[in-house]
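Good morning, colleagues. Please turn to the sequence and the structure on the screen, and I shall take you through a few of their details.

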Amino acid sequence: METKHFDIQTPGPPAQHNTPVKKATTYKIYTSICILLLFVNYFLAQYDKFILSYFQNPVLVDLSLTSTQYGLLSGYATGIVYAILALPIAFLSDYTSARVWVLSIAAAWWSLCVVFQSLSHNFGQLFCARLGMGIGQASVEALSISLISDLVSWRNVFIGQSIFYVGVYIGEAISGQIATAFIRTGTSWRVALRAIGITGCVVAILLRLVLREPRRNKSIVKTNARDDEDSTSIFGGTRTSGSRMRIAQSDLLATVSYIIRIRSFWLLVLSAGCRQLSGNVFGYYMPSYLGDTYPSHPELYSRYGIIVGVVGSVTVLSGGVLTSVLWPRTKLTPIYLTAIGGMISSLFVLLMIFSRDMAHGSEDRGIRILYGVMSLAYLTAELWLGCLFALIALLLPPAYKTFGLAIWGSVQVLIYSSGPQIIGLALINEETRSEKYRRATQICLAVIIPLGYWLAGLGFLLSVPLVKQDLKEEFVEGPLSTRRKTGLWTFGGVLAVVVVTLFVVSLVYQA
């Protein structure tokens with residue numbers, strides 16, 4: 001069977017370069033609406049992810065939960081399900097070219113699970129609802145990144161992805177505002193989850209009604225891949241003929257082989273996992289820790305949310321714009337922004353954690369220090385998210401980029417979900433409303449967050465020569481060396497042991 005090269009095209013309607021100006025403008029409006037809907041859907045997912053952190057104490061008291069149980073809910077309860085199910089869901093969406101359908105169904109499912117969380121009356125019910133939510137959210141990020149990378153031209157992918165990731169910061173910001181409003185009025189945390197679940201169902205319907213499956217955009221490295229109109233080849237090899245099952249198996253093996261041969265992929269994903277671990281711990285534990293540290297300042301959550309929303313959104317957009325402006329003179333901007341920005345930010349995070357101690361116990365002076373260094377922490381740390389993930393999307397094979405992004409995301413989830421598990425175990429013997437609990441949380445945050453930033457930064461800097469090779473199409477060729485095979489198996493084995501150990505220990509001690 002003849003091998004066919006992937007036809008590199010600009011996304012959008014066929015022969016778009018001959019399209020009248022009016023139709024081109026219409027397509028830009030349509031693209032903007034699509035990105036907005038994807039943004040809102042991702043924002044809702046982030047809202048649910050972090051809303052429990054603001055209501056940590058009410059949830060713990062209302063459902064009689066321990067710190068270890070809370071660690072399970074915010075760690076591997078959704079992380080393992082997310083990591084495992086993201087792969088088949090993403091592969092199916094690529095193989096069937098039904099990314100929009102899959103995303104819409106997933107959004108509706110996890111939204112219903114959020115409603116079920118609000119109806120929970122004990123740990124078991126809440127745990128099951130969180131697992132169900134993990135199933136639905138497993139493919140949200142990979143599918144959204146994949147769709148955006150095909151909706152806009154390759155030069156604008158960095159800006160488009162940055163707009164999408166504004167949802168992370170808007171989610172945290174609105175969570176803070178809503179948490180403040182609910183705390184002041186004495187309204188239950190259940191109402192917040194119920195409202196967001198119903199809203200998510202509406203957005204899922206809009207996704208299906210508005211979005212249409214876009215044509216596949218090119219990658220930034222030359223590669224052979226499946227053409228959507230004539231699926232006869234896959235990544236430089238001849239596709240297996242026969243049943244759909246055999247073709248799917250052939251595509252799966254070819255895609256995994258492609259990803260294994262990208263020299264920088266595994267170091268990048270390990271580094272990103274460490275970076276996300278710090279962010280995950282920050283998101284789940286920092287709000288409640290700061291609330292306990294400054295109990296006489298009820299406006300803290302609101303201002304915390306404003307700083308996250310405004311500074312985080314502006315910063316992540318700046319990273320995307322900066323990468324786009326410097327492209328293609330340098331293609332390594334996302335790597336440097338992530339590495340250096342995170343290491344600098346770790347210093348400001350430490351100042352956040354010890355802000356009241358620096359003010360000699362004064363809440364009024366300490367909170368002024370907090371707001372200042374927190375702004376600087378977000379300003380230096382959050383340049384990376386959109387531009388780096390866009391770079392990964394453009395390195396992957398176009399026909400199965402969603403599956404590649406799912407592998408990228410799943411490995412990170414298994415790494416960063418360990419953060420809440422570790423803290424939950426560290427705080428197992430502490431009374432949640434006590435000063436000892438706050439001090440123990442302080443130590444955990446001061447160690448885990450900077451350590452994750454620095455490990456990630458060093459990893460990204462070490463990956464620079466490997467990324468340069470990948471951009472030059474100097475992938476690993478021929479049979480894999482024993483060293484590379486050993487490294488991959490060791491990486492997978494260590495990760496599996498850590499995940500299983502932490503999860504089992506948490507289950508044992510959660511009672």
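In which loop does P328 lie? P328 is found in the loop between α12 (300-326) and α13 (333-353). Before I go further, please note that this is a predicted model. The peptide bond leading from W327 to P328 is cis, and its omega is near 0 degrees. As a reminder, most residues other than glycine have a negative phi, and most peptide bonds are trans.

S64 is not a glycine, yet its phi is positive, at about 55 degrees. The residue sits in the loop that runs between α2 (56-62) and α3 (67-74). Is S64 buried or exposed? Its relative accessibility is 61%, and S64 therefore counts as exposed, the cut-off being over 50%.

H360 belongs to the loop between α14 (355-358) and α15 (363-381). With a relative accessible area of 72%, H360 is exposed.

Let me now turn to the chain as a whole. It contains 20 helices and two strands. The chain has 511 residues, and 59% of them count as buried. The accessible surface of the chain comes to about 20300 Å², and carbon and sulfur atoms account for 67% of that area. Consider next the contacts between residues at least 6 apart in sequence: 85% of these join residues at least 24 apart.

Two packed helices are described by the angle between their axes and the distance between the axes. Helix α5 covers residues 99-118 and helix α6 covers residues 123-137; they pack at an angle of about 165 degrees, with their axes 8 Å apart. How are α5 and α6 oriented to each other, roughly parallel or roughly antiparallel? An angle over 145 degrees counts as roughly antiparallel, and α5 and α6 are therefore roughly antiparallel to each other. Their crossing is left-handed.

Which residues meet at this contact? From α5 come A106, W109, W110, C113, V114, F116 and Q117. Facing them in α6 are L126, A129, R130, G132, M133, I135, G136 and Q137. Sorted by class, the contact of α5 with α6 has 10 nonpolar, four polar and one charged residues.

Thank you for your attention.

How values were computed: Residues are numbered from 1 along each chain as its sequence is written. This is a predicted model: local features need pLDDT of at least 70, side-chain atom pairs count only at pLDDT 80 or more; totals for chains, interfaces and linings use all residues. Side-chain values use heavy atoms; hydrogens and water are left out. Axes are lines fitted to C-alpha atoms, for helices over the stretch in contact, and angles run from 0 to 180 degrees between N-to-C directions. Helices (H or I, at least four residues) and strands (E, at least two) are DSSP runs, numbered from the N terminus. Angles under 35 degrees count as roughly parallel, over 145 as roughly antiparallel, 65 to 115 as roughly perpendicular and the rest as oblique. A crossing is left-handed if the near helix is turned anticlockwise from the far one by less than a right angle, and right-handed if clockwise. Contact means heavy atoms within 4.5 Å. Ala, Val, Leu, Ile, Met, Phe, Trp, Tyr, Cys and Pro count as nonpolar, Asp, Glu, Lys and Arg as charged, and the others, Gly among them, as polar. Buried means under 20% relative accessible area, exposed over 50%, partly exposed in between (1.4 Å probe, protein chains only). Accessible areas come from the Shrake-Rupley method with a 1.4 Å probe; for residues, only the protein chains shown count as cover.
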